[in-house]
Amino acid sequence: MRLALLIIFSVLLIAPAPLHARDKVLDIQEVTSPGGIKAWLVEDHSIPVIALKFSFKGAGAALDPASKQGLSRIVSNTLDEGAGDLDSQSFQKELRDLSIGLHFGSGRDNFGGNLKTLTRNKDRAFELMHLALTKPRFDPEPVGRMIASNQSRIRSSLSDPDWMAVRLLNDMAFEGHPYALNSGGTLSTLQSITSIDLDNFVKFRLGKNNLIISAAGDITPEELATTLDTIFGELPQVALQPAPNLETQNQGKTAVYERDIPQTVIEMIQPGIARTDPDFHTAQIMNYVLGGSGFGSRLMEEVREKRGLAYGIYSGFYLSDHFKGFSVSTATANANTKHVLDIIKAEWSKMLNKPVSQEEIDNAKSYLIGSLPLSLTSTDSIASILLSLQGDGLPIDYLEQRENGIKAASIEDVTRVTKRILDPEKFVTILVGKPEGVTASKTYETLPNVE
Amino acid sequence: MIYGLFPARKPSKFIFMIRLFILIVFMITPLQAYAQTEVKADSSTQGEKVFNAETFKLDNGLEIVVIPNHRTPVVTHMVWYKVGGADEMQGKSGIAHFMEHLMFKGSDGLASGEFSKTVKKLGGNDNAFTGQDYTAYFQSIAVEHLEKVMTMEAGRMRGMNPPLQEVESERKVILEERRQRTDNDPRGRFGEQMNAALYVNHPYGTPVIGWFHEMEQLSWDDAKTFYDKWYGPNNAVLIVSGDVTGAQVHELAKKIYGPLARVDSIPVRSRTISPPLYAQTKVLQRHPAIRQAVIQRNYRVPSYRQNAKDSLALQVIEEIMGGGATSRFYKSLVIEQKLATGAGMSYRADSWDDTTLSVHATPAPGKHPEEIERAIEQELRKLVSEGITAEELQDSKTRMQAAAIYARDSLSGPAMAFGHALATGSSVDDVEYWPGRIEEVTAEQAQDVARRFLDPDGKYDHPPVTGYLLPSAEKEVALENMVQDEVVEIEPAANDNTEDGQSANTKEATP
């Protein structure tokens with residue numbers, strides 16, 4: 001009954017409404033399968049494409065033991081390398097012949113999957129996803145191949161200073177916590193991963209009770225309901241031990257990894273704020289003004305536009321289950337490193353000591369609200385947004401709440417939240433290159449958790 | 001490589017995004033047709049159109065493509081100029097890309113930086129990028145602001161007038177861009193060297209970003225000369241994708257772009273031609289930061305504009321030889337012979353002149369690049385002598401047809417596809433009827449192009465270039481086995497290393 005009403009509702013909304021904004025940002029339906037599995041759906045039959053995304057909360061790399069770093073990554077690379085009666089090549093060939101996009105991925109917190117299919121191939125697509133999740137084969141050949149390919153990826157990254165800077169930032173800022181480990185594995189830990197590890201991963205981490213699901217595109221709520229049971233109905237209940245929460249480690253320290261390159265890569269992080277925090281909308285405005293917006297942001301104006309010191313400079317929130325950060329990244333010629341760091345600090349002080357202008361706040365609001373529809377232009381991106389809302393435990397009408405929250409923020413709110421968040425003394429700073437004029441509190445000789 | 005105005009959030013991710021667009025474009029639109037050549041037999045208009053775009057042309061020569069898509073009340077508005085790095089004056093490398101940056105630095109009625117700030121205020125995003133054959137500017141924004149962004153875009157088509165101090169600081173920005181994307185990672189320089197060796201006496205051998213020493217000398221006079229020569233409505237394509245109709249866009253464009261005068265001085269594109277080359281070229285680059293060797297072999301082959309029939313057949317070959325985990329190269333080199341941890345083939349159809357077909361592999365530990373090169377040649381010989389099977393042909397076509405459906409599931413993707421096509425000499429029909437034309441490719445054609453362009457034992461006017469990017473430690477091993485016809489060796493300079501932006505997926509801190 002409820003489902004039927006939802007369909008009517010959504011059909012009305014899907015009628016094109018050109019040249020004026022719609023009442024709702026996005027018409028999201030909650031669908032519950034006969035077996036009790038829930039998903040969020042945005043129906044759209046204009047293109048014969050269906051996107052289905054899901055995530056096993058808390059099942060990601062933070063649970064990988066230090067001696068098996070990269071385990072989640074290898075599972076994500078091998079679940080689609082053979083399942084049931086299909087060996088690796090047969091499974092991959094079916095995916096390719098039917099143009100089914102079936103991918104798994106692992107972050108530090110969650111382990112997830114994406115399915116994208118043409119409507120005409122949906123039944124087989126759902127069946128293949130079901131097989132991959134419930135009867136993965138983990139044959140020695142593909143497992144060995146994926147380990148080798150990840151080892152290649154790591155070796156390739158060793159000439160990429162951006163990658164190195166991020167690796168070091170994780171090592172410093174998350175010291176002592178599983179987040180400090182290398183979620184992509186190290187050359188040696190990858191080698192130690194066996195098919196038993198992979199089997200256990202699936203058995204103990206992927207459960208019906210830590211699953212969130214989103215769908216978008218050419219599928220009705222009824223059909224999605226049935227599909228949910230087909231794909232996920234057999235999954236067990238699992239009990240996961242979450243990693244502890246974490247404060248930024250090594251605050252105020254600057255680490256240098258010296259490389260013989262013309263430019264120094266700069267990565268900085270200080271404590272941040274959660275997306276579920278009532279101040280988050282206001283914090284987004286602060287970030288937009290400071291460094292989140294690209295052109296027009298204070299950092300971009302000072303570093304790039306006025307002085308030509310970098311190709312780009314950005315600030316942003318680092319949001320994970322157990323750590324909330326606020327980061328800045330850029331790259332500048334070695335000789336300018338100190339200059340750029342000084343500008344960043346000065347902009348922090350300016351934000352802290354002087355209220356933002358009404359014009360700045362108005363510009364931030366109109367962008368943050370007005371740009372949302374730009375991320376709703378493909379089946380895939382809509383499904384991603386639905387999943388991310390659920391991942392953070394946000395309500396189904398969050399996009400409307402967000403709009404109201406942003407609109408409501410005043411100059412005083414921004415000042416208060418800025419003082420709550422920004423603290424230049426708490427920065428962990430990573431420099432990769434040959435930075436000039438900088439005193440390091442730590443120097444790295446090698447990259448940790450890579451070999 | 002394509003250079004953009006600014007990185008979106010993280011530089012490497014932006015590049016990655018652009019690459020994805022191109023992939024879409026490629027899969028979907030071969031983008032180039034051989035529009036006005038004699039190969040008429042292939043300009044079929046069979047089958048259904050992919051996008052159902054509407055086209056118009058203004059009296060001043062501005063071409064217009066509209067791709068209606070009413071899913072969300074937003075539009076992507078793009079202007080593509082048919083000029084890029086390959087159209088630069090000698091000694092002024094990077095000027096096309098520098099001009100692209102300067103287009104944001106103030107024009108009649110807009111202060112420096114005001115363009116992007118205005119777009120942002122209206123809730124939109126904007127950016128720009130430069131390739132060898134095109135320079136493009138775009139905004140994605142709520143449909144009610146289309147008129148505003150059109151007005152600003154029209155304003156800078158002929159009215160650029162940046163303050164000189166802005167030119168000075170922006171020159172520093174492009175030098176930082178070059179450091180970040182090319183010079184900070186040896187892989188960036190390797191790509192540049194491979195191109196330089198393949199395109200001898202042809203502008204495609206010069207990087208779009210420019211050579212550092214020439215970039216340092218670029219002035220506003222250089223940029224202005226280039227701008228006055230190439231920028232105008234009759235050398236541009238306007239593309240609007242999104243919640244609009246063709247009639248709406250046509251009306252707006254007449255009003256806003258219509259008053260701009262045609263520029264009669266716009267030259268016909270003519271590039272220097274590569275002479276026949278007689279040596280097998282090998283590019284060997286060693287660097288202490290390299291831990292994973294790379295091998296690549298690049299061929300010069302026809303673009304879609306040059307020969308549509310050959311280009312379509314090459315697209316089928318690319319799909320069979322290099323398209324993913326079940327492709328021939330991957331199966332043979334990675335799964336069966338265990339010589340490599342990755343292998344593939346890529347072919348870009350969207351180019352004004354010759355284009356590059358690249359075969360690449362990542363050697364497995366202990367495997368010498370030469371072994372891999374031999375294995376690649378073996379696969380190519382098999383392709384030349386035995387051709388492709390009926391099943392391979394059919395499967396590849398089915399996949400490419402599906403890619404065309406997926407391509408519609410995007411706002412800016414279709415606009416990108418048309419932009420690439422029209423800027424490199426193809427037509428709207430070439431994009432719209434791509435699936436039907438792929439359907440007509442035969443196994444004989446595929447074998448024929450393989451024989452003519454990819455035969456390891458063939459003789460070519462422009463022989464392929466084979467490149468090895470190696471760690472310093474392997475020096476002795478590699479050198480002794482090298483065929484020493486012509487070795488372009490790049491000694492690592494003191495201040496060497498780079499970031500090429502291709503490793504977006506290795507950003508482990510990105511949740």
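Two strands are taken to pair if DSSP finds at least two bridges between them, and helices (H or I, at least four residues) and strands (E, at least two) are DSSP runs numbered from the N terminus. The model described here is predicted, so that local features need pLDDT of at least 70 and side-chain atom pairs count only at pLDDT 80 or more, whereas totals for chains, interfaces and linings use all residues. Residues are numbered from 1 along each chain as its sequence is written, and chains are lettered from A and ligands numbered from 1 in the order in which they are written.

The secondary structure of chain B comprises 18 helices and 13 strands. Of the 511 residues in chain B, 60% are buried, a residue being buried if 20 or more other C-beta atoms, placed from the backbone, lie within 10 Å of its own, exposed if 12 or fewer do, and partly exposed in between. Two residues are in contact if their C-beta atoms, likewise placed from the backbone, lie within 7 Å; among contacts in chain B between residues at least 6 apart in sequence, 84% join residues at least 24 apart.

Strand 11 of chain B (residues 355–363) is largely enclosed by the rest of the structure, because nine of its nine residues are buried. In a regular strand the side chains alternate between the two faces of the sheet. Accordingly, Thr355(B), Leu357(B), Val359(B), Ala361(B) and Pro363(B) point one way from strand 11 of chain B, while Thr356(B), Ser358(B), His360(B) and Thr362(B) point the other way. Strand 9 of chain B (residues 294–301) runs antiparallel to strand 11 of chain B and is joined to it by seven bridges, with Asn298(B) standing opposite Ser358(B). Strand 10 of chain B also pairs with strand 11 of chain B in the antiparallel sense, over seven bridges, and here Ala343(B) stands opposite Ala361(B).

Between the chains, 71 residues of chain B are in contact with 79 residues of chain A. Helix 5 of chain B gives the most to the side of chain B that touches chain A, with nine residues. By class, this side has 22 nonpolar residues (Ala, Val, Leu, Ile, Met, Phe, Trp, Tyr, Cys and Pro), 25 charged residues (Asp, Glu, Lys and Arg) and 24 polar residues (the others, Gly among them).

In chain A, the buried residues of helix 4, among them Phe126(A), Met129(A) and Leu133(A), pack against strand 3 (49–56), helix 3 (88–97), strand 4 (101–106), strand 5 (111–118) and helix 9 (221–232) of chain A.
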